[in-house]
Every structure is written in C-alpha cells, then in structure tokens.
Amino acid sequence: MKVFCGRANPTTGSVEWLAEDENYDYHQEIARSSYADMLHDKDRNIKYYQGIQAAVNRVKERGQKALVLDIGTGTGLLSMMAVTAGADFCYAIEVFKPMADAAVKIVEKNGFSDKIKVINKHSTEVTVGPDGDMPCRANILVTELFDTELIGEGALPSYEHAHRHLMQGSCEAVPHRATVYAQLVESSRMWSWNKLLPIRVQTSLGERVIVPPSELDKCPGAPSVYDIQLNQVPPSDFTVLSDVLPMFSVDFSKQVSSSAACHSRQFEPLASGQAQVVLSWWDIEMDPEGKIRCTMAPFWAHSHPQELQWRDHWMQCVYFLPQEEPVVQGSALCLVAHHDDYCVWYSLERTSSEKNGRVYPARPVCDCQAHLLWNRPRFGEINDQDRTDQYVQALKTVLKPDSVCLCVSDGSLLSVLAHYLGAEQVFTVENSAASHRLMNKIFKANHLEDKINVIEKRPELLTSADLEGKKVSVLLGEPFFTTSLLPWHNLYFWYVRTAVDQHLGPGATVMPQAASLHAVVVEFRDLWRIRSPCGDCEGFDVRIMDDMIQRALDFRESKEAEPHPLWEYPCRSLSEPQHILTFDFRQPVPSQPLHAEGSIQLRRPGRSHGAVLWMEYHLTPDSTISTGLLKPAADKGDCCWNPHCKQAVYFFSTALDPRAPLGGPQTVSYAVEFHPRTGDVTVDFTLSDTLDDGC
C-alpha cells in the first residue's frame, strides 16, 4: 500500500508530495539505527553478560527462581544472555514492532523460545497477573535504556514505573548503578559553539567590529546537550579548571524517582580562568560491588586509556554554563547538576546548596532566537574569524561604491560585511519571522537598522518593490540554509539565483560564482562499525538483525548518502580527492540534468569503507571555501575535515564486513547526476579490482 507524504525539498525549496511505502518510516528507522554499533560494542556486551551472570547467581543462591524483565530488548541479546546464565524465564519488552518481530525470530533461531517471551508493548503498558503479559513480578531487571546523557531516552520514568508495577520489592538490577561525572573547563573553541562572539572586519577605513546584541550575551542558551566524540577534541583546545567530579548516582535496584532534582559538588579550581563549559559522561556498574564497570570516560579521564572502546551510540556531553564566570585557583565553588525526567543542565554557584536534592528553577530556555535558529556547528562557523576574513577578501574584489547587494542565506552576516566594505545599498532576505527578528537585533546592536533592509519573504517571491525598484549588482550567498542536511542541499542558492534573475542588473556579479562536488575514497578507523553486519554476537546468532538492516538499506537508504561530521570520525584517504561535477551559479539552473562519469584510482592500501563527498564554493576565481577537506592528506592519508560542516558518506557494503579479506578494489568508478527538477544529486559507485593504464 502506498501513502502520500509531503516533503520539503531542501534544494529547490518546494514542497513535494511523494508516494511512499506505508512502512517507509520503519525502513528509515531501522536503516539509520545504532543497533549494529551496539552489537559491535564488545566492552558493553561483555560487561552486561558478566553482570547478568552475577545477578542470576545471587538470586539462585537465595533459593529463588530467576525471573528476568528485559526492557528495550532490541535483538533479544540480553535476554538470551540471561537464559544462558541460568535464568528460569525472561520477559523481553520491545515497543518498536519491526524490532520485536525480529527479536522473536532471533530468540527462536538460537533455541530460546521456551524461555523468552517477547512482548511488543511499551513497558508502562505491560500487565501482571493470571491474564496479564507476565503472570508475576520479576526479580531481575535488565535494561539498556540509556543515551549519551544517560536519561534522555526516558530511563528514569521507565525505571520508576517498573519498580512500582513490574518488579518484586527486593530485586536485582543490571546495571546496578549509574554515576554521572563532570569536569569544568575553559574553551574558546567550545564556547564559540554557544555564543555569538565579536567579529572583526578589516576595511579600508580601519577595523570594524560586529558586536553581539546584549540579548544574545545574556541568553542562557539552548537546553539541549551537545553530544560529541570528545576524544577527538585535542586537549590543547581547553583548559581544565576542576578535577573530574562525581555529580550524582542512580541505584537501579531500588525505587527510582523521575522528579526534578539537583546535586551540588564543592571543589577548588585547579587553575584561574573563565568557567564556560562542563564536560560530562557517565559509567554504569553492573554489580553491587562495582567490580564490573563500563565507562564513557574520555581518554584523559579513563583509568585504562589503552582499553578505550569506540562507540557512537554513547558518546560524551558538552554543556554550556548560562554565562561564563571567572574562577580563581583554590577559591572554593560549587558545581550544580540539575535534572528533570529527561534532561540535565549545569550551573556554577559561589556557595553550597542547603542540601542535595533541592529543586532548582526549570531548565534554561533560549529567549534570544539565535539558539533556536543556529545549531552548534553554525555558531562555530559564524565565529570562525579565518572564514570571515576569506569572505571579506573576496568581497573586496567584487564590491564597488555603487554596488546594490542582495544577500541570500539564512541568518548570515554577509550583509554586514557588504555594508562595512562600502556597498551603496544592502538588502538581505530572511524567510522566517524568527530569523527576521534575530537579524534585526544584530543590526540594531551595531547601529545598522537603517543601513540594511531586511525582507521577510521567500527569495522566489521577491518583487521589484521589495528592492525599491533597483537592480541588484551583487548577489551574495555563503551559501547556508537551515533546511540543508547534505552538502548539495545548499544548491538552493542556485534556484534562488534563477528565481531572482529578473532583478539582476546587466553584468551582475554572483558570489559564489560556482560550486563543485568532490569525492575521496576512505578507510574509517571506526565509523564503519555502524553499518557493518555482526553475524555472531557473544556466541549468539544475530544474522536475522543483519538481514533486516540490509533490507531496510536496500529499500532506499543504501542509495542515499548519510551526513556525518567527519572531524569526529578519523579516516584515511585511499585516493586523491577528485572533482566530479561543477555548478555554474553565473547561469540559471539548466533545464537538462548535469551528468559526469569517471573513476577514482586508489593510491594507498586499506579497506575501502566508502566515499566521502563535499562541496566547494568558488567565491571568486582566486578564493574557494571547502565544506570538506581543508588541506591535502598527510603521507599516511590522514584527513583534516571542515569542523563546521557535515560531509556526505556513501558506505560500500562489500567492504564493511570485518570478515572480508583484505585487499579490496583498485578502482572506484562513479556516475553522478544532478536533476534540476528535483534538485537531487544521485551518485552510483562501482568497485573494481581492475587497474587502468594510468596505475
């Protein structure tokens, strides 16, 4: 059965109605899930297995039957571990139907159908009694309900309900306990992900500074955590101001509360500086003694950094204090962790709370608009002074004293640069009321409210009256649009350029004048695991899960690129970067598709896990902004990626199986096509062992 789904096309800007398979959402959810990543997390799997074995033994030693409740069973792996460890019966809860169906098949495949009952419900809907889902309460609670923030997937309410309605009064829990840790740091790089900083512009009349509005300075910021691979942030990017502080613990074997609470820890700063950022992670102890421990600590805080387990389903947290605060070495302060049922946030206080657990005001909420419109990488991009300088140098070559500029990018400061560099008149288009308000605040703070005209409408709908009857001599774009997910989605600028063609004067300059699509074949250090089949996991056959993911990928996702911020995911280039397609913004969007074919020769040995694609924007003939590689790869192929952008990754399924032999292809052929009607860019890759004459 087909259903019609409305989809906003990020490239063309239009809303399209597509006939989709009724199970499309399921396919997408499965294809982009982290199940493979979890199954490849050997440290997690072994620690859970050990914890489950110990819990079953403790119950058996008391002369009781071991009855297990497994909430969020997924593949059924933890339930199968429990039965293997001697559990008498397991109730495996899974709310996502395709996953529950797969769990039933995996349990049957491994011969545990008589000991495991898969229940396709949310745990809060499970009933207990003679006619219920469970005949009696369980005495071992096994769960994996955690995200990078620990509680963001609703772990606390789920535990709270389970203890009240599904578990015996005295029960075992795996994990037994979780502890959240925090470390206070100063980091200009990370702080630039949260606040608009002063931006310097060198003009012929001297330096001008774009200052942030006081509302942005005072805003506490977005309440959401920024989860990243903290191990990829160099220690030189931050100054440690505190020891690692254990902020709070949750004992999962007892009644859990989801009520809001706070936890205060006094400390003496290790150094003087500006307290800006809290780095946070957690560990889980699988047993009451704390001997079986799984930690998310970054390498500098890890007790055995050589045993560091890579994982993407659990990372580390970056939290931003509402305001940066000066701290003095040795002068005692209190770091306070607040949480409600789903979120954690931090504050810094000069004196200790009266008592642990005191409830603080509701979590901070952005009231300046910027944190709602700009994500963390966008803040970093806008604050990147080197990037700004490159735009300034390019603008100096195209602007004239009589230039009439039209700026088209979401929440961009290009209009301010154009004004400071001497343009006669500057218009900027903001197609939402929120972005309009934000830009007006910035203009007002810099006394530009009468200098730059803000037009609140979609660029395609511009009229001559909006431009006061003037013809545009310089059309500007970064380009950046908030709806863009993949690098080529910002080709929306090209469609805008086409739509406003009638408003461009003779010989008008378009900046950037062109864009180009580039590709490189890479070997990932770890990211390949998220798409790699597992086969056998700790002795259990989970190939049914592998097959389900592959079917979901084959439905559509395997033909589409995945956006990833590759600065967080180290990789080696096996080929030289290749320019594969050009988009000429000086001309309107063509009516016919653009097509290119070619091959990429591999120059370094390794596994060809996939191809990475990115866009480069040619501001002028002598100035290019890359959203991908920032410099040529080192001798061993190590890549340096633009930290503000996500790159597009096409995984090669044949190279993702760790059991596949080394060697791999010598050539990767590609066929790329740009479809003007839809704005889609499609790329097909073919791997070959054949060397061409040039190798």
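**Exercise 1.** Determine how much of the chain over residues 176-349 is helix and how much is strand, and how far apart the end C-alpha atoms are.

*Solution.* Helices (H or I, at least four residues) and strands (E, at least two) are taken as DSSP runs, numbered from the N terminus.

The model is predicted: local features need pLDDT of at least 70 and side-chain atom pairs pLDDT 80 or more, whereas totals for chains, interfaces and linings use all residues. Residues are numbered from 1 along each chain as its sequence is written, and side-chain values use heavy atoms, leaving out hydrogens and water.

**Exercise 2.** Identify the residues that touch the most other members of the largest nonpolar core.

*Solution.* A nonpolar core is a set of buried Ala, Val, Leu, Ile, Met, Phe, Trp, Tyr and Cys residues joined through side-chain atoms within 4.5 Å. Buried means under 20% relative accessible area, exposed over 50%, and partly exposed in between (1.4 Å probe, protein chains only). The largest core has 112 residues, and L69, F146 and Y346 touch the most other members. Strand 15 (residues 273-285) supplies the largest share of this core, seven residues. Another core, of 50 residues, lies apart from it and includes F427, V429, L491 and V496.

**Exercise 3.** Describe the surroundings of F146.

*Solution.* Contact means heavy atoms within 4.5 Å. Leaving aside residues up to four places away in sequence, F146 touches Y48, E153, A155, Y159, P175, F252, W282, I284 and W314. One aromatic cluster is formed by F146, Y159, F252, W282 and W314.

**Exercise 4.** Classify the ring pair F112 and F540, and explain what the pair ties together.

*Solution.* Rings of Phe, Tyr and Trp (its six-membered ring) pair if their centres lie within 6.5 Å; planes under 30 degrees apart count as stacked, over 60 as edge-to-face and the rest as tilted. The whole structure has 26 aromatic pairs. The ring centres of F112 and F540 are 6.1 Å apart and the planes stand at 55 degrees, so this pair is tilted. F112 lies in the loop between helix 5 (97-109) and strand 5 (116-119), and F540 in strand 27 (residues 540-541); the pair therefore ties together parts 428 residues apart in sequence. F112 is buried at a relative accessible area of 13%, and F540 is buried at 5%.
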